[in-house]
Amino acid sequence: MTIGRIRRGERGYPALLGQIPDPPASLWIRGDVDPALLGETSVAIVGARACSGYGRSVARLLASGAAAAGAVVVSGLARGIDGEAHRGALAARGATIAVLGCGIDRDYPAAHAELARAIVAAGGLVVSEYEPGVEPAPWRFPARNRIIAGLAAATVVVEARERSGALISADFALEDGRDVLAVPGEITSTLSAGANALLRQGATPATCVGDVLEALGLDPRAPGGDVPDDPGSAAVLAALAAGAGAGTADELARATGLAAGDLAAALALLELAGAVAVEEGVVRSTIAR
Amino acid sequence: MLGRAVTFALVGLEPRRVEVEAHLRSGQQPSFSIVGLADRACQEAKHRVRSGVHSALLKWPERVITVNLAPAALRKEGTGFDLAIALTLLAASEQVPAVRLAQHACIGQLGLDGRVRPVAGMLAAAEGAARAGIERVLCPAESAGEAALAGVEAIGVRHLAEAVGYLLGHDAIEPAAAGESRRAGAQLPDLGDVRGQERGRRALELAAAGAHNLLLAGPPGTGKTMLARRLPSILPALSPEGALEVTRIHSIAGTLPPGSGLVAEPPFRAPHHGASAAAVVGGGVVPRPGEVSLAHRGVLLLDELPEFPRSVLEALRQPLEDGVVSVARVGGRALFPARFRLVATMNLCPCGGRGDSRIECTCTPARVSAYRDRVSRALLDRFDLVVAMPRPRAEELASSSAEQSATVRERVREAASRLDHETPRRRPSASELLDRAVDRLPLSGRGRARVARVARTIAALAGSAEVLPEHVAEALSYRSPAELSRS
């Protein structure tokens, strides 16, 4: 793997990152790529590693919406929300930046080695302040989070427990004077406690892609792909909109009156068009309101 | 003096002709030895045969007795040679007519009281006799119906004395009629008991019609196992040759109740996750069919799939691919057919909270991925149908009454026979959709083939001569979801 390096003060060192109290002395960059991406309008989408299906689909929805509108999605390549944010951006054929908390040559977590390759292949960046060979260590992750927050114009916390690393990113963003957004969660779920606490402290609620784009000063773009308009798909979308935006296949079958087979066909077409996401048997609408 | 009889040994399912010869000669010390690679159980035949002959009030030849089991290179295992050995001795000592004995194959175990007991693998042994041109088989009375399935004259005897009386022509014994087939259908749990679960029921129907493997994933208590156990009730009855094949395997495994005839219903096996690889796949010193072979042409249910040892799951891949288990032995290879529908269930995480909106999952991501990693991607790839069964947030509405198994089974039968006769061809627009899906979704080459296969089954169930785009679309919805192969 070829590895590049930009020192602070050199051309290409991202201006926003230079403004934080403790900017890294240099940024290592994986691959032989143009680091110009570092200077583009970007949004950090972060959250818990142990997240719910709701959290995953929201991370994906916001990331793909932001990427489709031209924003670069920055996250930490971790499991859970981070991974979904990167994947959402890739799905929208957008660019995304993964910031590592270990040496630039390390794939951590190992399960996301393939994702890291896909990010670079799609014209994105994998960056780190650590030289090759540095092991991942717990105390390096908060330091990594300051870079995530520092690169982005706004930070969106999707799902976080009360003492989550994502909240550290939010704190850095506040210190840096950037916008902080939080996705409201169920008040009974400990998974959402951190994000809801941020909202109570005055963070901007991220209730749709538009909220994120507004914080970035970008114009929303129509969702990519053609949403199928056959009666089956329309019935499914209507049922999802009438419900909580989510439902199991059986609930949708009853709401739409479609037979299980016809419903399955409609769901597959909607999923193919990117209009719904299915995870662990729960169907969620991913069309930005 | 020399006596001869014919019997059959089994190597796997394969019958091998065994000639039993007895030689009697005078000697100072009467003795009895068996040669010809006889195993322990077979050596013990000496005691059973001697007591049996005495109990039948026949004369034990007080001579130097040598019994040879030929071919000498084939390992003789088990107790099925007893009857042949006893009758050979009696022929050598001129107590039964040798010519008449030579017209029969003799298979059966002897009790110390001379009773003739059933042995495993009767059907396969009788088929060996039929193939060797031996028309009559002397066998235990309980197994006569089973032996008659092979198309031989099965002469069922209860006691050694009865066999002798028959061979001497004192008593006539009517050849047994082929065993009646059992229809267990009435006792099978019915699909009518399952409320809701429209998607799960649909997948079950597809699995039945197209012989697809099905994985049901969801939190505990959503009815995964209940649904899986109802798959046998919607499978069509076995074809005549299929029934023979299944009966043969179950006969060898000794899982047939005595006196039962042809197994006409597809078998259902549900080994516990504590079962060893040998028990599931088959094998052992004496090669025996494992659960995969006992499920041949039927259903193998692996409940809580990730709880099975990795070695067992990996050993499943060969039979899933080839439809046959091959056990290498010194005396050759034993082949057991193992073409079954695999139905497996699993939770979405170790604590079972995932997919259940009422409980919060307490598993760390590392634990979840360790749990899911227990089922290798290669094995996951063998499931044509993967269905998540989340807990419904609202209580199931007691909607229209659920369909009974008999109704579904009729549809399955029609679709299966349609698939047998003519494979529906894909319309170009359906192929386009499949190409688009491969392009947009994480779908491997093998995944594409799986979707195409399921789409054919959907078309057959719909009574369509062609695979239409909606069939491909539905098939796509049963592909293995990304979350099971990553975390």
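This is a predicted model: local features need pLDDT of at least 70, side-chain atom pairs count only at pLDDT 80 or more; totals for chains, interfaces and linings use all residues.
Residues are numbered from 1 along each chain as its sequence is written, with chains lettered from A in the order in which they are written. Local features need pLDDT of at least 70, side-chain atom pairs count only at pLDDT 80 or more, and totals for chains, interfaces and linings use all residues.

**View 1. Where chain B meets chain A.** Here 34 residues of chain B are in contact with 26 residues of chain A (contact: C-beta atoms, placed from the backbone, within 7 Å). On the chain B side, α8 (198-210), α15 (365-373), α18 (428-440) and α20 (469-476) each give two or more residues; helices are DSSP runs of H or I with at least four residues, strands are E runs with at least two, and both are numbered from the N terminus. That side holds 13 nonpolar, nine polar and twelve charged residues (nonpolar: Ala, Val, Leu, Ile, Met, Phe, Trp, Tyr, Cys and Pro; charged: Asp, Glu, Lys and Arg; polar: the others, Gly among them).

**View 2. Helices α2 (residues 45-55) and α3 (residues 82-92) of chain B.** These two pack at an angle of about 55°, with axes 10 Å apart (axes are lines fitted to C-alpha atoms over the stretch in contact; angles run from 0 to 180 degrees between N-to-C directions). Among the residues making the contact are B:Val49 of α2(B) and B:Leu89 of α3(B). By class, the contact has six nonpolar, one polar and two charged residues.

**View 3. B:Arg426 in strand β19 (residues 425-426) of chain B.** B:Arg426 is buried, with 21 other C-beta atoms within 10 Å (buried: 20 or more; exposed: 12 or fewer; partly exposed: in between). Leaving aside residues up to four places away in sequence, B:Arg426 touches B:Ser431 and B:Val467. B:Ala465 lies 39 residues from B:Arg426 in sequence and 9.2 Å in space, C-alpha to C-alpha.

Notes
Two residues are in contact if their C-beta atoms, placed from the backbone, lie within 7 Å.
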